[in-house]
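Subject: Structure handover

Hello,

Here is the structure I said I would pass on.

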Amino acid sequence: MKLIVPIKMVPNPTLPVRISRDATKPPKPDLKNIPLVINPFDETALEEAVLLREAQIASQVTVVCIGPDSWEAEMRTALALGADRAVRIPCDFQVSPLSVAQCIKAFSILEAAQLIICGRQGVDADRGSVGPMVAALLGWGQATFVSQLKITDKTATVQREVDGGIHDLTIPLPAVITTDLRLNTPRYASLPNIMLARRKPLEKLAAQELGVELAADIEVIQFLAPPPRPPVTRINSVAELKTILSQKGYLS
Amino acid sequence: MKILLIIGDRLGEYDPLTANGVTAGLHFGDVTLLAAGPNNQKKAEQAATIKGVSEILLASHPALQKPGVENLALQINKLTPSFDIIMAVTSTFGSDLIPRVAALANCSPITGVSAISKNHALTRPINAGAVLAQSALPKTPVFLTIRPTAFPAACKTATTNAKITVIDQAYESNLSQHTTYRPSANIRPDPVAAKVVVAGGGGLQAGGSFELVEKLADRLDAAVGASRTAVDMGLASNDLQIGQTGRSIAPDLYIGLGISGAIQHLAGIKDARMIVSINSDPNAPLHGAADYALTADIFSAVPELLKK
Ligand SMILES: Cc1cc2nc3c(=O)[nH]c(=O)nc-3n(C[C@H](O)[C@H](O)[C@H](O)COP(=O)(O)OP(=O)(O)OC[C@H]3O[C@@H](n4cnc5c(N)ncnc54)[C@H](O)[C@@H]3O)c2cc1C
Ligand SMILES: Nc1ncnc2c1ncn2[C@@H]1O[C@H](COP(=O)(O)O)[C@@H](O)[C@H]1O
């Protein structure tokens with residue numbers, strides 16, 4: 001069974017994004033000094049796919065991305081983390097989620113994939129749209145926010161993390177899964193694997209070859225900083241906190 | 001404009017956050033609700049008394065009784081031509097459904113909308129809430145999920161004028177097969193709708209339980225929330241996770257106990273009116289983001305706070 005893991009690169013989420021305050025230009029998120037990393041949920045997706053291959057349930061794991069040249073370094077990281085192949089569909093502008101989903105759909109058909117494991121959301125724009133969109137375009141079943149996955153005989157049995165509790169679901173393959181962080185703990189790339197990955201090819205495939213015309217994302221007309229919060233008041237004792245909470249009517 | 005809001009489903013039951021969705025929908029025009037899936041009749045009854053709802057479509061075909069999203073998406077796709085905006089609340093239900101419905105109509109959805117301006121421009125937080133991005137409303141049909149904390153719940157009325165229309169066509173795909181729901185053990189209010197939330201983090205580990213958080217929550221009539229670390233440690237159930245990948249909350253008062261205040265956690269509490277942090281580390285980032293910061297050991301501070 002062939003597996004596809006769509007991955008995207010995002011500004012390292014442990015670093016704060018600030019909004020530029022150059023008075024001569026409209027404000028914009030300042031991402032200059034923030035290195036790109038594989039979207040954390042996609043690392044989880046890749047780990048799950050590699051585990052399935054190691055368990056001999058999957059035969060091949062291919063990561064695919066629709067993105068610019070600057071993503072190539074992290075495509076190598078994906079190879080070092082265990083992907084068999086890395087394919088990039090070049091695109092150097094902010095692409096629409098629909099175009100991304102159309103590319104992944106066409107690529108999955110081309111590869112005769114049986115399972116697509118996406119991240120539940122990109123932590124750059126926090127959309128969470130591509131997974132279910134790919135499932136819709138392919139007419140496949142979907143299981144989102146998955147924190148446990150078992151594949152047996154053409155069926156995926158999953159545990160989904162949903163509001164109010166856990167949803168246990170079984171879906172026939174082929175299907176699309178989106179990952180929650182609790183699905184697994186991604187491994188680190190070992191030095192030998194990093195060295196090996198340097199020699200593996202990075203494949204390129206034009207969107208046109210997949211019959212997809214890449215469309216731009218909806219235009220942002222304005223970036224804003226969230227409203228500032230008042231400065232912090234340091235309090236020195238529990239008694240002081242009690243007084244504050246009582247005065248505001250929370251504690252009697 | 002004609003708006004179709006899908007009534008929210010939570011473990012097969014009516015999601016009360018639907019009322020917040022109505023408030024958002026009324027920014028655009030006339031709101032019709034769709035009651036589908038398990039318990040749809042009951043969902044329709046519960047939603048019928050939300051002020052501002054003009055009509056409820058009751059989709060009763062047995063194919064929709066299964067909680068899988070695939071049949072529901074096909075059903076909504078057939079209704080799409082009659083509406084300008086198809087929307088749901090940003091819940092795990094809405095986030096699962098709306099992108100699927102949008103793709104069936106060859107559109108990109110806009111998820112997690114936090115503000116709708118007078119000219120219908122849409123704002124959504126990006127980069128864990130560090131930035132707000134505003135776009136013009138695209139050409140219709142438009143597919144949205146809206147953050148429930150950004151729009152107050154619409155009032156309930158004593159009597160209802162909403163017209164209930166039964167639609168019984170359905171489109172069967174037979175894809176996902178439901179097995180079971182396991183509700184979390186949380187008996188307290190939903191943190192998303194609560195006025196006060198007491199949240200616990202990794203600092204609770206030494207106690208081995210969430211008891212301290214629960215006791216303070218009970219004293220303050222509050223909901224309980226958790227950081228990802230607390231959920232990962234098994235101290236709290238997954239649906240209590242607050243943050244970028246958990247739920248976003250906007251209570252009047254949030255108290256964080258033993259929570260460091262990582263960017264991903266702060267993303268979920270930015271809209272709290274008042275933030276209190278109790279942490280033994282004076283440099284915890286949550287102390288920096290709080291209105292009131294108390295540097296103290298929670299295992300002594302909270303019992304003292306509880307003392308009458
Ligand atoms: C893609 C991604 C998504 C994420 N999404 C979320 C999310 O939605 N929500 C979320 O919360 N996190 C999320 N995280 C995780 C986040 O980055 C942090 O790791 C997490 O929030 C830390 O939780 P914590 O502050 O409870 O734990 P820790 O970082 O372990 O902090 C524990 C705190 O408790 C304090 N403490 C310890 N003992 C005591 C004591 N006795 N008394 C007082 N204070 C004490 C410590 O000083 C420390 O500040 C995400 C991470 C990633 C990569
Ligand atoms: N440009 C892209 N290339 C490949 N995969 C993507 C891309 N954008 C999104 N994805 C996949 O879709 C998931 C959800 O992304 P998003 O809908 O952008 O939040 C990601 O975790 C990836 O698995």
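This is a predicted model: local features need pLDDT of at least 70, side-chain atom pairs count only at pLDDT 80 or more; totals for chains, interfaces and linings use all residues.

How is the strand from chain A attached? Three bridges join β15(A) to β18 of chain B, residues 292-295, and these two strands run parallel. A:Thr233, for example, has B:Tyr292 as its bridge partner in β18(B).

Ligand 1

Ligand 1 is surrounded by 29 residues, and the closest are B:Gly202, B:Ser227, B:Thr245, B:Ser260 and B:Gln264. The site is shared between chains, because the surrounding residues come from both A and B. By class, the shell has ten nonpolar, 16 polar and three charged residues.

Which atoms of the protein contact the nitrogen and oxygen atoms of this ligand? The side chain of B:Ser227 has an N or O atom 2.6 Å from an oxygen atom of ligand 1. A polar side-chain atom of B:Asp297 is 3.1 Å from a nitrogen atom of the ligand, and a backbone N or O atom of B:Ile298 is 3.0 Å from a nitrogen atom of the ligand. On its own, ligand 1 has 980 Å² of accessible area, of which the protein covers 79%. Two or more residues of the shell come from each of these elements: α1 (40-54) of chain A, and α6 (228-232), α7 (263-266) and α9 (298-306) of chain B.

Ligand 2

The shell around ligand 2 has 18 residues; the closest are A:Pro6, A:Asp42, A:Gly122, A:Gly128 and A:Ser129. Nine residues of this shell are nonpolar, six polar and three charged.

Backbone atoms make the following contacts. A polar backbone atom of A:Gly128 is 2.7 Å from an oxygen atom of ligand 2, and a backbone N or O atom of A:Gly119 is 3.0 Å from an oxygen atom of the ligand. A:Ile7 has a polar backbone atom 3.3 Å from a nitrogen atom of ligand 2. The protein buries 97% of the 480 Å² that ligand 2 exposes when taken alone.

Which element gives the most to this shell? That is β6(A), with three residues.

Regards

Note on methods. Residues are numbered from 1 along each chain as its sequence is written. Chains are lettered from A and ligands numbered from 1 in the order in which they are written. Side-chain values use heavy atoms; hydrogens and water are left out. Two strands pair if DSSP finds at least two bridges between them. Helices (H or I, at least four residues) and strands (E, at least two) are DSSP runs, numbered from the N terminus. A residue is near a molecule or strand if one of its heavy atoms lies within 4 Å of it. A polar contact is a pair of N or O atoms within 3.5 Å; within protein, one must be able to donate a hydrogen and the other to accept it, and residues adjacent in sequence count only if both atoms are side-chain atoms. Accessible areas come from the Shrake-Rupley method with a 1.4 Å probe; for residues, only the protein chains shown count as cover. Ala, Val, Leu, Ile, Met, Phe, Trp, Tyr, Cys and Pro count as nonpolar, Asp, Glu, Lys and Arg as charged, and the others, Gly among them, as polar.
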